Amino acid sequence: MSELRGALIGCGFFAVNQMFGWRDVKGAGIVAICDRDPERLKIVGDQFGIERRYSDAAQMFADGGFDFVDIATTVQSHRPLVEMAAAHKIPAICQKPFAPTLADAKAMVKACRDAGVPLMVHENFRWQTPIQAVRKALDAGAIGTPFWGRFSFRSGFDVFAPQPYLAEGSRFIIEDLGIHTLDIARFILGDVSSLTARTKRVNPAIKGEDVATILLDHERGATSIVDVSYATKLGIEPFPETLIELDGTEGTIRLSQGYKLEITNAKGTEIVDASPALLSWASRPWHNIQESVYAIQQHWADRLAAGEETSTSGDDNLKTFALVEAAYESAASGKPVEIGVLL
Ligand code: NAD
Ligand code: 89V
């Protein structure tokens, strides 16, 4: 079968990982790129040898010649670009956060559904090797039925240097990072019926919250905590590791710093190294995220070729996005929020 031809919009900081990922993906590649910043267009075009370059996405869609679009811009442009893809009947991948509001996210899912085109949100954290290893152990019944969990990301890493816009929004850690952690909680323990959240801003140089603690009630009965912080100064910096604790009826799972996976049950305790691969183009400490970029893009190429739905489809991501909205609502009101009401 011939290779799927992709076009990428947004050639900024993170798109470079996506371009490397596409270079490795089997069955798909990038044939055109777009950025309204001529400097970024040139840097990425030259680095990856892409000749078709556009400063205007509308012009690129009008010219066509590609089978899918990969939207790697920041959130403000996601809705118009996804709707442009739907209008041209082009399957679309959209970076997280999917949209500025849940209402926008729902409109984007509807636009693609009405147009009959596949839509995947680039929610890559569930594709990380250690997270997949936890899910595999759970699916194999290693700890019976999980009744409690903790999904923790606590760091003092300077994310504002490569992504200065993160310091500028009134929303920060839940919208940018917690969105991944909440998605992991859903991926591991299932959908959520209600949540309660508390937030803080510790770093005075940024506008949004940099600490959040969220209590989740899962529909299948488990209770979990998602706790995220960019104000946590540790001896050994864990960025960008998500640490997981799960207690089940037959045992426990602990994913601890250094990608150490410990499974305890009636057979004893097994310790496994769940480290991600260091891909040829990757660099520490980002390699965990970088490998998951490749993995989600390969998943997209496989599913698009097979005409099957992706793990983080637009529909699926609405359930993660609703948790983000609910967390801000709960933090503001001090009260629990029912998720079903939002969806
Ligand atoms: P960035 O600002 O470095 O890059 C965005 C690029 O998009 C810029 O070059 C800008 O000129 C271009 N752009 C914006 N609107 C455009 C439009 N309408 N048409 C053409 N070009 C346009 O941002 P970034 O740090 O690369 O982040 C991009 C997205 O990736 C964000 O949504 C961010 O949250 C996400 N991100 C995801 C991960 C992950 O692991 N999934 C990691 C980092 C960033
Ligand atoms: O994955 C992300 O979305 C990034 C980072 C890990 C820095 O928060 O923005």
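Helix 9 covers residues 314-333, a run of 20 residues, and spans 28 Å from its first C-alpha to its last, close to the 28 Å expected at 1.5 Å a residue. Keep in mind that this is a predicted model. How many residues of helix 9 are buried? The count is 14 of the 20, so helix 9 is largely enclosed by the rest of the structure.

Now to the ligand. Ligand 2 sits in the largest pocket. Around ligand 2 you will find Lys 96, Phe 125, Val 159, Gln 163, Asp 176, His 180, Tyr 230, Trp 286 and Ile 289. The side chains of Gln 163, Asp 176 and Tyr 230 each place an N or O atom by an oxygen atom of ligand 2, at the distances below.

| Side chain | Distance to an oxygen atom of ligand 2 |
|---|---|
| Gln 163 | 2.9 Å |
| Asp 176 | 2.8 Å |
| Tyr 230 | 3.1 Å |

Taken alone, ligand 2 exposes 270 Å², and the protein buries 94% of that area.

Finally, a look at helix 1, residues 15-24, which holds Trp 22. Is Trp 22 buried or exposed? Trp 22 has a relative accessibility of 3%, and because buried means under 20%, this residue counts as buried. Between Trp 22 and Ser 330 there are 39 Å in space, C-alpha to C-alpha, and the two are 308 residues apart in sequence.

Methods: Residues numbered from 1 in each chain as written. Chains lettered and ligands numbered in written order. Predicted model: local features only at pLDDT ≥ 70, side-chain atom pairs only at ≥ 80, totals over all residues. Heavy atoms only, no water. Helix = DSSP H or I, 4+ residues; strand = E, 2+ residues; numbered from the N terminus. Expected span 1.5 Å × (residues − 1). Buried < 20%, exposed > 50% of the residue type's maximum accessible area, 1.4 Å probe, protein only. Near = heavy atom within 4 Å. Polar contact = N/O pair within 3.5 Å; in protein donor to acceptor, adjacent residues only side chain to side chain. Areas by Shrake-Rupley, 256 points an atom, 1.4 Å probe, with all protein chains shown as cover. 1 Å grid on protein atoms, 1.4 Å probe; cavity = no way out; pocket = protein on both sides within 12 Å on 5 of 7 lines; lining within 4 Å. Sits in = over half its atoms within 2 Å of the grid points.
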